[in-house]
Amino acid sequence: MNTSEDRMLLAVPKKGRLYERVQAILRGSGLHHLRAARLDVAPCTKLPVTIVFLPAADIAKYVSDGNVDMGITGEDIIAESNAKVNTLMKLGLGKCKLCFQAPVGTVNDPKDLIGKRIVTSFPNITRKFFDEIDPSHTTSISYVTGSVEVAPSLGLADAVVDLVETGTTMRAAGLEAVGTVMNTQTVLISNPHTTHASLVDVITQRIQGYITASQHVMLTYNCPRDQLKEACLITPGHDSPTVTPLDDAKMVSVTALVRGDDVSDIMDQIKDIGGQSIVVMDVINCRF
């Protein structure tokens, strides 16, 4: 059995809104693991990889410091912790914006907040923002860990800097977005000096394959040969569509990878050019 010294360490959120979605990525990528009750480490069963469950806010620093080799965390966390990491890929999860939020009608531009009181869970990002606008600013930036949006109503702040996904919580607190600091989403990262570079590549390929598969479906259909050029424009596939002759010399079979969000519109277009026997199949995983 592999010892802890020769196992690559992959850090993932131990709880929170992304926990289940990250677990689905691990399962879909073949990173099956057994996590014992109350333990925050879990060895994978078929690879020399150990999953480490950490608070999401700590993952970027652990990767940057070399305590773990890889991690899954938010771009906002990386920026806030000034982590020196390699960003391997965007996972498309947890997309949101880090925004200035102020009581409705009180602020028109973030520059209006110079010298004011700001409450945030992202003091480093916020301070850097104001430093770049006015290096001599006297803006008060206070750190809190949660319920940032209530600070203005309690008289503790003129505005807050917080994440906005749907805006429901912001509006319920009587706030509006008055400027964006950064767009953020969940990413896969690695330590630049990891000693497990080959495993990092394997894990990255696996996760990329699973993410690609989850966003696409396989479309297969028959179409008139004289419409093949048009069909290939509609379904170009990842590299190119697979075209197979049929017994009917006037027809060909076409198979192509298409985005799942677009498949209904694509099927309509294929039908319009004479396509027949149009079938959609789920893609479990893939490699390119």
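This report walks through the charged side chains of a predicted model.

## Salt bridges at a glance

Side chains of opposite charge can pair when their charged atoms come close. In this structure there are six salt bridges, and three of them are described here.

## Lysine 14 and aspartate 40

Let's begin with aspartate 40, which pairs with lysine 14; their closest N and O atoms are 3.0 Å apart.

Lysine 61 forms a salt bridge with aspartate 65, with 3.0 Å between the closest N and O atoms. Lysine 61 is partly exposed at 49%, and aspartate 65 is partly exposed at 45%.

Aspartate 158 and arginine 117 form another salt bridge, with their closest N and O atoms 3.3 Å apart. Arginine 117 belongs to strand 7 (residues 117-120) and aspartate 158 to the loop between strand 8 (140-143) and strand 9 (159-164), so this pair ties together parts 41 residues apart in sequence. Aspartate 158 is partly exposed, at 27%, as is arginine 117, at 35%.

## A patch of negative charge

On the surface, Asp261, Asp262, Asp265, Asp268 and Asp272 gather in a patch of negative charge. One of these residues, aspartate 272, lies in helix 8 (residues 263-272). Aspartate 272 counts as exposed because its relative accessibility is 68%, and exposed means over 50%.

Note on methods. Residues are numbered from 1 along each chain as its sequence is written. This is a predicted model: local features need pLDDT of at least 70, side-chain atom pairs count only at pLDDT 80 or more; totals for chains, interfaces and linings use all residues. Side-chain values use heavy atoms; hydrogens and water are left out. Patches are made of residues with over 30% relative accessible area and no salt bridge: like charges are joined within 9 Å, nonpolar side chains (Val, Leu, Ile, Met, Phe, Trp, Tyr) within 5 Å. Accessible areas come from the Shrake-Rupley method with a 1.4 Å probe; for residues, only the protein chains shown count as cover. A salt bridge is a side-chain nitrogen of Lys or Arg within 4 Å of a carboxyl oxygen of Asp or Glu. Lys and Arg count as positive and Asp and Glu as negative; His and the chain ends are not counted. The place of a charge is taken as NZ of Lys, CZ of Arg, CG of Asp or CD of Glu. Helices (H or I, at least four residues) and strands (E, at least two) are DSSP runs, numbered from the N terminus. Buried means under 20% relative accessible area, exposed over 50%, partly exposed in between (1.4 Å probe, protein chains only).
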